[in-house]
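Hello,

Here is the structure I promised to pass on to you. My notes on it follow below, and I hope they are of use when you open it.

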Amino acid sequence: MNLKIGIVGLPNVGKSTLFNALTNAGALAANYPFATIEPNVGIVPVPDERLDVLAKMYDTNKVVPATVEFVDIAGLVAGASKGEGLGNKFLAHIRECQAICHVVRAFKDDDIVRADNKPENDIITQAKDDIDIINLELQLADEETKAKVESKRKKDPQDENIPYLTDKPVIYMFNVDEQGLTDAKLQGELRKIVKPAEAIFVNAKLEEEMSGMNREERKEFLESYGIKDDALGELIKAAYNTLGLQSFLTAGKKECRAWTIKKGSTAPEAAGTIHTDFQRGFIAANVCKYDDLARLGSEKAVREAGLLRTEGKTYVMQDGDVVEFKFNV
């Protein structure tokens, strides 16, 4: 399963800076695959330290993390549905995304003019107003789409599965100043206006400053500001929670790899993410918990401790399962 997140937001909220930080962080976190498909699309690895532990244990240099694709969606401004900005050109990009990350301005800075040219006033009220503008544009875009679908159905009554924008889950990324990163009162008030959606808090300037840092340097830098994770880590955690996703791991001399699946997936369904033949010819799965493997230090030790299990077709996968699938086709 490839995770794809569309990033939206009004002009001058820090969206492009955060997009660059998200994709650059992924490239610098480790020697993992990184790709820029277009200037506004980046595919980056999902940070997962478990893979590094397994790579040492199995003596392999090939580590393949799960990936997330970020799409920086331009053209979404007040009046986009009426042709303002780039009009509805953003629609084609956003429809393919599983979730929307809405970057919201939650800082005061006289040097960065707000998109509506209003003077800086109350952060909470203005954040809510900005959120309402984007939500309205998505609703209006959906209304236009519905009208087109109804028109087509009159000619062809066959039902169409249209991915309406307002049906997509939204994660709110509030771009706060340095004080806002640890301001529990501010964060609590901002969370209230987007409940029950997930809210995360980042500072675009700090994310930009971390460009070029390795993993350890980033960790120390963040700790100096009293925070644990960067924007990439926060957003991926929120996306996995919002979409009900988890990871299982495969490990061996050839490679160590993370795979993304829906929570509640059975062992054959998980096998199918590797190859459809694995699901079709599924026989069994040898499973152990990553924590047991890391604690005991080897697959042999896990087996000797009786913690390596053989599971059948009804087994429901758990996050961090290390699995070897048996199949016959």
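**Notes on the model**

Gly-264 is partly exposed, with a relative accessible area of 49%. The terms I use here are buried for under 20% relative accessible area, exposed for over 50%, and partly exposed in between (1.4 Å probe, protein chains only). Gly-264 sits in the loop between β10 (256-262) and α9 (267-274); helices (H or I, at least four residues) and strands (E, at least two) are DSSP runs, numbered from the N terminus. From Gly-264 to Met-317 the C-alpha distance is 6.6 Å, although 53 residues separate them in sequence.

Before you go further, please keep in mind that this is a predicted model, in which local features need pLDDT of at least 70 and side-chain atom pairs count only at pLDDT 80 or more, while totals for chains, interfaces and linings use all residues. Residues are numbered from 1 along each chain as its sequence is written, and side-chain values use heavy atoms, with hydrogens and water left out.

**Backbone**

Most residues other than glycine have a negative phi, and most peptide bonds are trans. Asn-12 is not a glycine, yet its phi is positive at about 65°. This residue belongs to the loop between β1 (3-8) and α1 (15-29) and is partly exposed at 41% relative accessibility. Asp-59, also not a glycine, has a positive phi of about 55°. Asp-59 is in the loop between α2 (49-57) and β4 (63-64), and its 54% relative accessibility makes it exposed. You will also find a cis peptide bond between Lys-195 and Pro-196, with omega about 5°. Pro-196 falls in the loop between α5 (184-194) and β8 (198-202).

**Charges**

The whole structure has 19 salt bridges (a side-chain nitrogen of Lys or Arg within 4 Å of a carboxyl oxygen of Asp or Glu). One of them joins Asp-48 and Arg-50 at 2.9 Å, N to O, and both of these residues are buried. Another links Glu-304 to Lys-300, with the closest N and O atoms 2.7 Å apart. Those two residues lie four apart in helix α12 (residues 299-304), about one turn of the helix. Glu-304 is exposed at 59%, and Lys-300 is exposed at 54%. Glu-311 and Arg-309 also form a salt bridge (2.8 Å, N to O); here Glu-311 is buried at 19%, whereas Arg-309 is partly exposed at 25%.

Helix α7 (residues 215-223) supplies its largest share, four residues. Glu-220 is in helix α7 and is exposed, at 55% relative accessibility.

**Aromatic rings**

There are seven aromatic pairs in the whole structure. The Phe-221 and Tyr-225 pair is tilted, because the ring centres are 5.3 Å apart and the planes stand at 55°. For such pairs, ring centres lie within 6.5 Å (the six-membered ring for Trp); planes under 30 degrees apart count as stacked, over 60 as edge-to-face and the rest as tilted. Phe-221 is buried at 16%, while Tyr-225 is partly exposed at 26%. Elsewhere, Phe-248, Trp-259, Phe-282 and Phe-325 form one aromatic cluster.

Best wishes
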